[in-house]
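Reader: I would like a close look at one part of this protein, with the rest described around it. Please keep the wording plain.

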Amino acid sequence: MIVNLHKFLIYGAKEEMDHFFTLAQRAGFLEFIGIWQKKALELPPHVKRVLSSIKILRLWEGPHAGIKVPVPDDVFLFAEKIVEMNSAHEKLLEEQRVMKAEISRIAPLGNFVKEDLQFIQSEGNRSIQFFCMKSANEEKVEIPPELIYLGTEYDLGYYVSVNKESRQYPKMIEIVIDQPVGTLREKLRDIQEQIARNEAHLRSWAHHSAVLQVGLAEGLNEHELQAVKHDASYPVSDSIFAIEAWVPETRVKGLHALIKGLPVVCEEIAIESHDRLPTCMENRGPSKVGEDLVHVYEVPASIDKDPSLWVLFFFSIFFAMIIADAGYGLLFLLMGLFVKWKYPRLQAGGKRFLKLLFILGSTTVAWGILTSSFFGMEIGVNSPYRKVSLLDYLAKKKAEYVMETKNDVYQEMVHNYPAVADATDGRDFLLKAVTIREGKTKYVALDLFSDNVLMEFALVIGIIHISLAFLRYLRRNWAGLGWIFFMIGGY
């Protein structure tokens with residue numbers, strides 16, 4: 001049910017403001033409104049870090065290599081370590097990428113010690129240079145005799161020159177080497193080892209994400225408390241605080257009980273035309289399960305009617321029609337029984353989800369029985385299972401209608417399957433319109449009529465669903481009546 005809201009002005013001594021807001025947060029039925037618009041309070045950095053750390057660990061969920069890394073007792077310190085390690089990990093990945101690219105660039109030049117190269121240049125008074133050029137240009141350009149060919153890789157030819165002075169050659173690019181390939185490969189191994197250690201840490205920490213969830217809830221609670229205090233106004237110097245709040249009609253007495261004994265006063269005030277009323281839904285039992293589904297789709301406006309039971313009812317029907325198999329429905333029920341046995345103390349949302357699982361399982365089993373479907377297996381036409389099948393009953397009635405009217409469907413069936421002309425009733429008609437291929441019997445009329453019945457039934461359910469939605473708000477939208485007639489006429 002959608003509960004009407006009242007608007008209250010709450011004011012009192014500033015020194016009791018913290019106490020009042022703490023009590024209000026525990027009570028949880030007030031939605032505060034700042035009297036004057038203020039800049040929203042930003043989320044604290046430590047809470048942002050917790051959010052970031054949760055997102056990071058989601059990428060590392062799964063089995064780990066058995067390495068257990070200690071978790072700090074302080075949740076916010078834990079989140080800071082995760083963020084820092086992830087940042088370091090990303091930098092290492094970038095270093096690894098750059099290092100591999102550099103190794104690929106200079107690997108064809110061979111492995112040498114840079115100090116030896118510098119010694120040769122200084123003692124021999126020679127300039128040693130490395131060059132590369134495209135393989136396609138090697139045939140077009142005459143290679144100078146002082147260039148020594150080293151090899152070809154990635155469609156590039158590599159050369160080294162030993163001259164008295166540095167030189168440049170046409171169509172060639174000089175390769176400057178800061179560090180030889182051997183040194184780079186050693187550094188790459190070190191980087192890869194650090195990456196592996198970081199990944200092991202992150203995978204181990206991913207198993208403790210529940211700790212971060214608790215810390216996030218605490219951080220958000222504290223932030224919301226501070227945000228509400230930030231929205232409060234101080235109309236009389238700094239001695240009195242004031243704030244407005246929405247209060248559900250069923251909790252007005254609770255508000256008076258909350259401020260009893262405190263130097264705080266509340267007064268109901270008028271709801272202004274520009275106010276946007278929030279929606280307050282209070283349900284119990286199956287309606288509460290439906291409310292959970294409503295929140296998945298969209299919360300209705302405060303002036304609407306509560307659709308919780310309607311959504312639960314039609315969601316269950318549509319779910320059963322989509323699954324359309326009693327075997328799968330049975331699996332849902334068994335899954336629900338297992339969860340109930342495994343977690344007997346489920347509360348709140350978990351308990352309601354279990355109820356929803358039982359409801360969906362039951363409706364799916366019922367629909368599967370009515371449509372003669374069990375794990376996709378073909379049920380024999382003479383099986384007792386078909387005696388309780390609504391689909392078979394309606395297909396038989398459709399066949400009797402076709403026999404009675406002798407319409408074009410009947411004429412086509414007689415033309416293709418002459419035996420149906422001697423059918424005595426609807427069931428006999430369905431059994432005689434048959435083909436046998438490769439030893440497999442196919443009941444053509446039964447399959448055709450069953451498919452048509454399912455399609456028509458889906459259309460009827462859809463029309464009923466939309467029509468009821470129009471009828472619920474017919475006083476606000478009389479045009480809905482025309483759409484109801486349109487759908488019925490179209491069908």
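This is a predicted model: local features need pLDDT of at least 70, side-chain atom pairs count only at pLDDT 80 or more; totals for chains, interfaces and linings use all residues.

How many residues does the largest nonpolar core have, and which of them have the most contacts inside it?

Author: The largest nonpolar core has 23 residues. Those with the most contacts inside it are Ile 10, Phe 20, Phe 21, Leu 30, Phe 32 and Leu 255. Two or more residues of this core come from each of these elements: β2 (5-13), α1 (17-27), α7 (209-231), β8 (240-248), α8 (252-259) and β9 (264-269). In soluble globular proteins, nonpolar side chains tend to be buried together.

Take Ile 10 from that list. With neighbours within four places in sequence left aside, Ile 10 is in contact with Phe 20, Phe 32, Phe 241, Ala 242, Ile 243, Ala 245, Leu 255, Val 264, Val 265 and Cys 266.

Lys 7 has a relative accessibility of 3%, so it counts as buried, the limit being under 20%. Not counting residues up to four places away in sequence, Lys 7 touches Ile 33, Glu 244, Ala 245, Trp 246, Glu 267, Glu 268, Ile 269, Ala 270, Ile 271, Glu 272 and Asp 275.

Glu 153 lies in another strand, β5 (residues 147-153). Its relative accessible area is 35%, which makes Glu 153 partly exposed. Pro 108 and Tyr 158 are the residues that Glu 153 touches, not counting those up to four places away in sequence. Glu 153 is 18 residues from Ser 135 in sequence, and their C-alpha atoms are 9.2 Å apart in space.

Next come the helices. Two packed helices are described by the angle between their axes and the distance between the axes. For α11 and α12, the angle is about 155° and the axes are 7 Å apart. An angle over 145 degrees counts as roughly antiparallel, so this term applies to α11 and α12. Their crossing is left-handed. From α11, the residues in the contact include Leu 330, Phe 332 and Leu 333, and those from α12 include Leu 357, Phe 358 and Val 365. By class, this contact has 12 nonpolar, 6 polar and 1 charged residues.

Helix α16 (residues 444-472) and helix α17 (residues 479-490) form another packed pair, at an angle of about 165° and with axes 9 Å apart. Helix α16 is therefore roughly antiparallel to α17. The crossing of α16 and α17 is left-handed. Ile 463, Ile 466, Ser 467, Phe 470 and Leu 471 of α16 meet Gly 480, Trp 483, Ile 484, Met 487 and Ile 488 of α17. These residues divide into 8 nonpolar, 2 polar and no charged.

Two loop residues remain. Ala 324 is in the loop between α10 (308-323) and α11 (326-342). The phi of Ala 324 is near 50°, a positive value in a residue other than glycine. Ala 324 is partly exposed, with a relative accessible area of 25%. Ser 372 is in the loop between α12 (348-370) and α13 (390-405). The phi of Ser 372 is near 55°, again positive in a residue other than glycine. At 9% relative accessibility, Ser 372 counts as buried.

Terms used:
Residues are numbered from 1 along each chain as its sequence is written. Side-chain values use heavy atoms; hydrogens and water are left out. Helices (H or I, at least four residues) and strands (E, at least two) are DSSP runs, numbered from the N terminus. Buried means under 20% relative accessible area, exposed over 50%, partly exposed in between (1.4 Å probe, protein chains only). A nonpolar core is a set of buried Ala, Val, Leu, Ile, Met, Phe, Trp, Tyr and Cys residues joined through side-chain atoms within 4.5 Å. Contact means heavy atoms within 4.5 Å. Axes are lines fitted to C-alpha atoms, for helices over the stretch in contact, and angles run from 0 to 180 degrees between N-to-C directions. Angles under 35 degrees count as roughly parallel, over 145 as roughly antiparallel, 65 to 115 as roughly perpendicular and the rest as oblique. A crossing is left-handed if the near helix is turned anticlockwise from the far one by less than a right angle, and right-handed if clockwise. Ala, Val, Leu, Ile, Met, Phe, Trp, Tyr, Cys and Pro count as nonpolar, Asp, Glu, Lys and Arg as charged, and the others, Gly among them, as polar.
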